Amino acid sequence: MMYTTYRSIYTQSTRPTYNGKSARKLRIKRFTLAITVIIGLFIAFGTIVQAISSNDNDSERGIPAKTSIRVIIQPGDTLWAIAKEHLSADMDIRDYVYIIMKNNDLNGGLIQAGDVIEVPLFSSP
């Protein structure tokens, strides 16, 4: 018998394969994919939560801004005096001065005569 169709079971690999890849490599690939998906979901969820919660001070306090007015700074004016003039009854003046500073990108609250600032007006609930 010169030619035979006999194949030895000992010459073949006993490890299960999937398209030529070992089961261990396949498990590692699946684990890596699962970790990547989980990390991606955490990043997406965090981005959504941050976008929802990134309200400015006005909406966090539940006080809707009605409108804003432009004020031309006169000699001797201060942010405190301007805030006191346009303050609603339920707001703290310190918060209002901070909102005016934030909306106008003022550092340290320094204003000069001739400057024009936006002063938001809030309605009392």
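**Overall architecture and local contacts of the predicted chain**

The chain is built from four helices and four strands, where helices (H or I, at least four residues) and strands (E, at least two) are DSSP runs numbered from the N terminus. Read from the N terminus on, the elements follow the order β-β-α-α-β-α-α-β. The structure is a predicted model, in which local features need pLDDT of at least 70 and side-chain atom pairs count only at pLDDT 80 or more, while totals for chains, interfaces and linings use all residues. Residues are numbered from 1 along each chain as its sequence is written, and side-chain values use heavy atoms, with hydrogens and water left out.

The mean pLDDT (the predictor's confidence in each residue, from 0 to 100) of the chain is 80, and 71% of the residues reach 70 or more. Over residues 56-60 the pLDDT is below 50; beyond near neighbours in sequence, this stretch has eight contacts in the model, a contact meaning heavy atoms within 4.5 Å. Within the chain, 65% of the contacts with a separation of 6 or more are between residues 24 or more positions apart.

Next comes the surface. Of the 125 residues, 19% count as buried. Here buried means under 20% relative accessible area, exposed means over 50%, and partly exposed lies in between (1.4 Å probe, protein chains only). A nonpolar surface patch of about 630 Å² is made by Phe31, Ile35, Ile38, Ile39, Phe42 and Ile43. Patches are made of residues with over 30% relative accessible area and no salt bridge, with like charges joined within 9 Å and nonpolar side chains (Val, Leu, Ile, Met, Phe, Trp, Tyr) within 5 Å. One of the patch members, isoleucine 38, is found in helix 1 (residues 23-53) and is partly exposed, with a relative accessible area of 43%.

A search of the whole structure finds two salt bridges, each defined as a side-chain nitrogen of Lys or Arg within 4 Å of a carboxyl oxygen of Asp or Glu. In one, glutamate 118 pairs with arginine 70, and the closest N and O atoms are 2.7 Å apart. Because glutamate 118 lies in strand 4 (residues 116-122) and arginine 70 in strand 3 (residues 65-72), the pair ties together parts that are 48 residues apart in sequence. Glutamate 118 is partly exposed at 27% relative accessible area, whereas arginine 70 is exposed at 64%. The other salt bridge is formed by arginine 94 and aspartate 92, with 2.8 Å between the closest N and O atoms. Arginine 94 is exposed, with a relative accessible area of 56%, and aspartate 92 is partly exposed, with 27%.

Attention now turns to the interior. Isoleucine 82, in helix 3 (residues 79-86), is buried, with a relative accessible area of 5%. Leaving aside residues up to four places away in sequence, isoleucine 82 touches Val71, Ile73, Asp77, Ile111, Ile117 and Val119. Isoleucine 82 and tyrosine 96 are 14 residues apart in sequence, and their C-alpha atoms are 9.9 Å apart in space.

Some loop residues complete the picture. Serine 88 sits in the loop between helix 3 and helix 4 and counts as buried at 7% relative accessibility. The side chain of serine 88 makes a polar contact of 3.0 Å with the side chain of aspartate 90. A polar contact is a pair of N or O atoms within 3.5 Å; within protein, one must be able to donate a hydrogen and the other to accept it, and residues adjacent in sequence count only if both atoms are side-chain atoms.

The loop between helix 4 (93-103) and strand 4 holds asparagine 104, which is buried, with a relative accessible area of 18%. A polar atom of the asparagine 104 side chain lies 2.9 Å from the backbone oxygen of isoleucine 100. Not counting residues up to four places away in sequence, asparagine 104 touches Ile117 and Glu118. Aspartate 105, also placed in the loop between helix 4 and strand 4, is exposed at 66% relative accessible area. Most residues other than glycine have a negative phi. For aspartate 105, phi is near 55 degrees, a positive value in a residue other than glycine.

Notes
Areas by Shrake-Rupley, 256 points an atom, 1.4 Å probe, with all protein chains shown as cover.
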